[in-house]
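Here is a short report for a reader who is meeting this structure for the first time. Please look over the sequence and the model before reading on.

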Amino acid sequence: MCNSVHSKGRIYSTPRELAELVGGARNLVWQKKNPFVPWPEEKDWRQMDLCLCPVNLEATLSGAGLRWRRGDDPMEFFVEE
Ligand SMILES: [Zn+2]
């Protein structure tokens with residue numbers, strides 16, 4: 001299972017979806033290291049249509065000014081309204 005972000009009944013599970021929530025792709029905060037193993041060396045791992053593993057969700061959500069909490073499942077992030 002991968003991380004997911006829940007807001008107003010919608011589930012965001014890719015960087016492209018999350019970009020809509022945080023006001024654009026430039027507001028995504030990526031992890032410092034590639035979380036995908038294995039991964040082709042020459043290929044950019046910051047892929048908009050894969051899962052949220054390469055995104056630093058704490059920094060992305062807080063940086064967008066959203067209040068959030070982790071669910072009972074620590075891979076679920078809930079944006080508070
Ligand atoms: Zn993942």
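Ser7 has Arg10 of β2 as its bridge partner. Strands β1 and β2 are antiparallel and are joined by three bridges. Two strands count as paired if DSSP finds at least two bridges between them. Helices (H or I, at least four residues) and strands (E, at least two) are DSSP runs, numbered from the N terminus.

The hairpin of β1 and β2 has two residues between its strands. Lys8 lies in that loop, between β1 (4-7) and β2 (10-12). Its phi is near 50°, a positive value in a residue other than glycine. Is Lys8 buried or exposed? Lys8 is exposed, because 7 other C-beta atoms lie within 10 Å. A residue is buried with 20 or more other C-beta atoms within 10 Å of its own, exposed with 12 or fewer, and partly exposed in between; the C-beta atoms are placed from the backbone.

## Model and numbering

The model is predicted: local features need pLDDT of at least 70, side-chain atom pairs count only at pLDDT 80 or more, and totals for chains, interfaces and linings use all residues. Residues are numbered from 1 along each chain as its sequence is written.

## Overall layout

The chain has two helices and four strands. From the N terminus on, the order is β-β-α-α-β-β. The C-alpha atoms fill a box of roughly 40 × 25 × 20 Å, taken along the principal axes.

A compact globule of 81 residues would have a radius of gyration near 12 Å, and the chain agrees, with 12 Å. This radius is taken over C-alpha atoms, and the globule rule is 2.2 Å times the number of residues to the power 0.38. Of the 81 residues, 16% count as buried.

## The other strand pairs

Strand β3 (residues 67-70) pairs with strand β4 (residues 76-80) in the antiparallel sense, over four bridges. Arg67 stands opposite Glu80 in β4. These two strands form a hairpin with five residues between them.

How do β1 and β4 run, and how many bridges join them? They run parallel, and three bridges join them. His6 has Phe78 in β4 as its bridge partner.

## Helix α1 and its cover

Pro15, Leu18 and Val22 are buried in α1. They cover an arc of only 60° around the axis, so they sit on the same side of α1. The arc is that of the directions from the helix axis to the C-beta atoms. The cover over the buried residues of α1 includes β1, β2 and α2.

Glu17 also lies in helix α1. Glu17 is partly exposed, with 16 other C-beta atoms within 10 Å. After α1 comes Gly23, with a positive phi near 90°. The loop between α1 (15-22) and α2 (57-63) holds Pro38. The peptide bond from Val37 to Pro38 is cis, with omega near -5°.

## The nonpolar core

The largest nonpolar core has ten residues, among them Val5, Tyr12, Leu28 and Phe77. Helices α1 and α2 each supply at least two residues of this core. A nonpolar core is a set of buried Ala, Val, Leu, Ile, Met, Phe, Trp, Tyr and Cys residues joined through C-beta atoms within 7 Å.

Leu28 touches residues including Pro15, Leu18 and Val55, not counting residues up to four places away in sequence. Contact means that the C-beta atoms of two residues, placed from the backbone, lie within 7 Å.
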